[in-house]
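Here's a quick tour of ring contacts and charge pairs in a protein model. Have the viewer open and follow along.

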Amino acid sequence: MILSIESSCDDSSIAITRISDSKLLWHKKLSQENTHSLYGGVVPEIASRMHAKDLPLLLKEVLDSFDKTQIKAIGVTTQPGLSVTLIEGLMMAKTLSLELNIPIIGINHLKGHIFSLFINQEKYNFPMSVLLVSGGHTQIIEISDIKHMKIIAQTMDDSFGESFDKVAKMLNLSYPGGPIIQEYAEKYQGELYGLPIPLKNHSGIAFSFSGLKNAVRLQIEKDSSNPYKIAKSFQDAACKHLLQQLERYFKKYRAPKNFAIVGGASANTYLREKVCQLCQKYQKNLFLAPLEFCSDNAAMIGRYAVEKYKNQEFDNFFDLQCSPKSTQEEFIL
């Protein structure tokens, strides 16, 4: 078994994954959303203190349920993320590695999101291209095999998920913004505001949400009487932007037959529906992670750690550090 730890932002999570068949045996996470909603976003110092409190509680549950001598390695998120929260998970992982005399495996959080597609599955469907949409990232990644992943396009400013959080804050709605904006959008049936679609006339493939976010701010200043209309207009424009860039990618590149969307913001049902239609148009096989594994979780970290364990890709105990950004060798840019 592999014990995996996730603490890259505001979710404390631990999982146990069986190495032989990648079966998820145990998984639990404690969310900090209610605490951070008081501040309209994640406060790193508070997040770090909550990880220091919650991770040991989860670990005790695990060790009360499993024979620790059966744990063969520790997988832990080391990048990218908030340094003050990543360090909480890494220190626990190093302590367990020493106590149990087992190897430690540092996991890139973004690659973990990709492997959220294959939780409880022995095989994975590479080659594949992926749209990764999360609170901090918006990227198209092309994967030829487990060791070769290339970033094709990424955001020039805000991410897709981050823009939902910021629009929700402008509307004085709760954090995180993704679910509440979607809820408001679903309740509105009517004409939309004519918000601009970012990079509509841009020749390349990239993402940008700062201009759209500013357009929403100006619309709110002009008329904030109907937050449902604003939420739906924003969601529509943000998703159209993603779809336009994806369509350019499908036309311009010899994209793999398999395509997926992953990351916390991939739980947006409107986006899932529209990407499904686009994949049908271009005859792509669409893969989606279960909704419970879209957001940050240790199950996806454990699933990727299984592959690294099988390839004997262990990290040096003393050299392994955490990083707020992906290190250069993790992806081909």
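## Charge pairs and rings

Lys240 and Asp236 join their side chains in a salt bridge, 3.3 Å from N to O. The term covers a side-chain nitrogen of Lys or Arg within 4 Å of a carboxyl oxygen of Asp or Glu. Lys240 and Asp236 are four residues apart in helix H8, so about one helical turn separates them. Lys240 is partly exposed at 39% relative accessibility, while Asp236 counts as buried at 14%. Here buried means under 20% relative accessible area, exposed means over 50%, and partly exposed is in between (1.4 Å probe, protein chains only). Helices (H or I, at least four residues) and strands (E, at least two) are DSSP runs, numbered from the N terminus.

Before going on, a word on the source: this is a predicted model, where local features need pLDDT of at least 70, side-chain atom pairs count only at pLDDT 80 or more, and totals for chains, interfaces and linings use all residues. Residues are numbered from 1 along each chain as its sequence is written, and side-chain values use heavy atoms, with hydrogens and water left out.

How many salt bridges are there by this rule? The count comes to 16. Here are three of them, with the accessibility of each partner.

| Salt bridge | N to O | Lys or Arg partner | Asp partner |
|---|---|---|---|
| Lys240 and Asp236 | 3.3 Å | Lys240, 39%, partly exposed | Asp236, 14%, buried |
| Lys29 and Asp11 | 3.7 Å | Lys29, 26%, partly exposed | Asp11, 6%, buried |
| Arg18 and Asp21 | 2.9 Å | Arg18, 33%, partly exposed | Asp21, 23%, partly exposed |

The Lys29 and Asp11 bridge links distant parts of the chain: Lys29 sits in strand S3 (residues 24–31) and Asp11 in strand S2 (residues 11–17), 18 residues apart. Salt bridges can also form a network, and one such network links Asp158, Glu162, Lys166 and Lys213.

Now the rings. Rings of Phe, Tyr and Trp (its six-membered ring) pair if their centres lie within 6.5 Å; planes under 30 degrees apart are stacked, those over 60 are edge-to-face, and the rest are tilted. By this rule you get 17 aromatic pairs. Take Phe115 and Phe126: the ring centres are 5.8 Å apart and the planes are at 85°, so this pair is edge-to-face. Phe115 belongs to helix H4 (residues 109–115) and Phe126 to the loop between H4 and strand S6 (128–133), so the pair ties together parts eleven residues apart in sequence. Phe115 and Phe126 are both buried.

What about Tyr184 and Tyr228: stacked or edge-to-face? This pair is stacked, with 4.2 Å from centre to centre and 15° between the planes. Tyr184 is in helix H6 (residues 177–186) and Tyr228 in helix H8 (residues 227–252), so the contact ties together parts that are 44 residues apart in sequence. Tyr184 is buried, with a relative accessible area of 15%, whereas Tyr228 is partly exposed at 30%.

Back to Phe115 and Phe126: they belong to one aromatic cluster together with Phe118, Tyr124 and Tyr304.

Finally, charges over rings. The rule asks for NZ of Lys or CZ of Arg within 6 Å of the ring centre and within 35 degrees of the ring normal. Lys94 lies over the face of Phe317, 5.3 Å from the ring centre. The charged end of Lys111 sits over the ring of Phe331, at 5.3 Å from its centre.
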